[in-house]
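Look at the structure first, then read the points below.

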Amino acid sequence: VALRATVMSFGFKYGLPADADMVADMRFLPNPHWDPALRDLTGLDEPVNDAVVGHAQARAFLDTFADLVGLVEDGYLREGKRFVTVALGCTGGKHRSVAMAENLAARLVKTGVEVRVVHRDLGRE
């Protein structure tokens, strides 16, 4: 039996997701909101994704956090937990958290985790 994951992006200004098992803060990355060329785009758009994941810290985070999910996977399954919700947040849930959630999901899929991506606050602003 494989672990199934929901990878959720959210905006801290709208509150923490109540159903999250693991929460990470993407506000350590530069905010595309302050770039006029990126402000109206979202983390689903390639220019924003490239700007966010273009930072070495973003790539290091993705490597480390994917490893962390892998680390707890066996324990979750052993304890009967088949589903995990991983929530990545930024200020508004539009740029950084969306791009990072998409990239984390892609990495988890490569390790055999069945993933569903939810962008809780995208379009809310």
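Contact means heavy atoms within 4.5 Å. This is a predicted model, in which local features need pLDDT of at least 70, side-chain atom pairs count only at pLDDT 80 or more, and totals for chains, interfaces and linings use all residues. Residues are numbered from 1 along each chain as its sequence is written, and side-chain values use heavy atoms, with hydrogens and water left out.

**α1 and α3**
- Asn49, Val52 and Val53 of α1 meet Arg96, Ala99, Met100 and Asn103 of α3. Helices are DSSP runs (H or I, at least four residues), numbered from the N terminus.
- This contact of α1 with α3 has 4 nonpolar, 2 polar and 1 charged residues.
- The axes of α1 (residues 46-53) and α3 come within 9 Å and cross at roughly 80°. Axes are lines fitted to C-alpha atoms over the stretch in contact, and angles run from 0 to 180 degrees between N-to-C directions.
- α1 and α3 are therefore roughly perpendicular (65 to 115 degrees).

**α2 and α3**
- α2 (residues 56-78) packs on α3 (residues 96-110) at about 50°, with axes 10 Å apart.
- Residues of α2, including Phe61, Leu62 and Phe65, meet Met100, Asn103, Leu104, Arg107 and Leu108 of α3.
- The residues of the contact of α2 with α3 divide into 9 nonpolar, 1 polar and 3 charged. Ala, Val, Leu, Ile, Met, Phe, Trp, Tyr, Cys and Pro count as nonpolar, Asp, Glu, Lys and Arg as charged, and the others, Gly among them, as polar.

How values were computed: Helices (H or I, at least four residues) and strands (E, at least two) are DSSP runs, numbered from the N terminus. Angles under 35 degrees count as roughly parallel, over 145 as roughly antiparallel, 65 to 115 as roughly perpendicular and the rest as oblique.
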